[in-house]
Amino acid sequence: AVVIGWTVPTGVMLLLCSLGLLVGRRAPATSRAGCVRCGEEDSLHQLMAALRDEAAKRGRDSDLGKFEKLRKLGPQGQTSPKQVVEHVVLQLGAGNDEAAFAFTSLPPWRAGTHRSNTDWSKRMDWAKSRVISGQPSGALVDESSFGQLLSERFAFLRQTQAYRLVGDDSEWQQKRGREKMTAVKEYVVEVETADGEDRLVKFVLVYNWLVHCHLISNVAVLSANTERYFPGTGSDLSQHDI
């Protein structure tokens, strides 16, 4: 909570309210014609610095809140493809294979007229599927086979300790308006495992109109040692620790 004992500019008041911070009493207006005293001016600068720190923290917390919602409710509208990739990486690192399966693409020939009358029991095989004309195509797996696939081809994702996105890490990869929000998206993620290995992984996502959300269609391991391709990136992946 922030308690203010002096007159606060309207812009600061609005920022406080938008952050949900408690604002105390506002000092009554005085007849002073001079400037604010130096001590109060310094305090106001300190308050603004604290607000900026809080705003940055709240921004990250809102992402964490979104991931928790995705974990509980699964794919849903207004979820960016970047959030899908990060959510799946986080959940696999936490040992939640079910969440990764829930965010895996459904082939178009198995889609019903609504998500409620669609058979979601089989999804695309991350290793064997391809995207053709904007649609996922290839082999399918049920949830049990998906777990086996992870063990055989992507076990390192279960050992993720830290990660960061490489290249275009924007929320929707619209490339200054040249790409539609619902277009096929590709995100490259650098992963550091518990045993210290670095892996460079590409996720390909296709928009699903039944859930109004991008789902993962294909995953490819590009490199087991990113240092060779991205000098300096293999030493510190503290941007997103798990």
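Strands E7 (residues 198–208) and E8 run antiparallel and are joined by nine bridges. The model is predicted: local features need pLDDT of at least 70, side-chain atom pairs count only at pLDDT 80 or more, and totals for chains, interfaces and linings use all residues. Residues are numbered from 1 along each chain as its sequence is written, and side-chain values use heavy atoms, with hydrogens and water left out.

**Overall make-up**

- The protein has five helices and nine strands; helices (H or I, at least four residues) and strands (E, at least two) are DSSP runs, numbered from the N terminus.
- Starting at the N terminus, the order of elements is α-α-α-α-β-β-β-β-α-β-β-β-β-β.
- Of 242 residues, 39% count as buried, where buried means under 20% relative accessible area, exposed over 50%, and partly exposed in between (1.4 Å probe, protein chains only).
- Among contacts with a separation of 6 or more, 56% are between residues 24 or more positions apart; a contact means heavy atoms within 4.5 Å.
- The accessible surface comes to about 13300 Å², and 51% of this belongs to carbon and sulfur atoms; the areas come from the Shrake-Rupley method with a 1.4 Å probe, and for residues only the protein chains shown count as cover.

- Two strands pair if DSSP finds at least two bridges between them.
- Strand E6 (residues 185–193) is joined to E7 by eight bridges, and these strands run antiparallel.
- Val-191 has Arg-199 in E7 as its bridge partner, while Lys-202 stands opposite Ala-220 in E8.
- Four residues lie between the strands in the hairpin of E6 and E7, where Gly-196 takes a positive phi near 90 degrees.
- The hairpin of E7 and E8 also has four residues between its strands, and His-212 in the turn has a positive phi of about 55 degrees.
- E7 is mostly covered, with 10 of its 11 residues buried.
- Strand E8 (residues 213–223) is likewise mostly covered, with eight of its 11 residues buried.

**Helix H5**

- Phe-146, Gly-147, Leu-149 and Leu-150 are the buried residues in helix H5 (residues 143–153).
- Seen down the axis of H5, these buried residues fall within an arc of 155 degrees, so they line one face of the helix; the arc is that of the directions from the helix axis to the C-beta atoms.
- An α-helix has 3.6 residues a turn, so residues three or four places apart point the same way.
- Ser-144 and Glu-152, on the other side of H5, are exposed.
- Helix H3 (81–93), H4 and strand E4 (140–142) are what the buried residues of H5 pack against.

**Thr-118**

- Thr-118 sits in the loop between helix H4 (97–102) and strand E1 (122–124).
- Thr-118 is buried, at a relative accessible area of 9%.
- Leaving aside residues up to four places away in sequence, Thr-118 touches Leu-106, Arg-110, Ala-111, Gly-112 and Leu-210.
- The Thr-118 side chain reaches the backbone oxygen of His-114 at 2.7 Å.

Notes:
A polar contact is a pair of N or O atoms within 3.5 Å; within protein, one must be able to donate a hydrogen and the other to accept it, and residues adjacent in sequence count only if both atoms are side-chain atoms.
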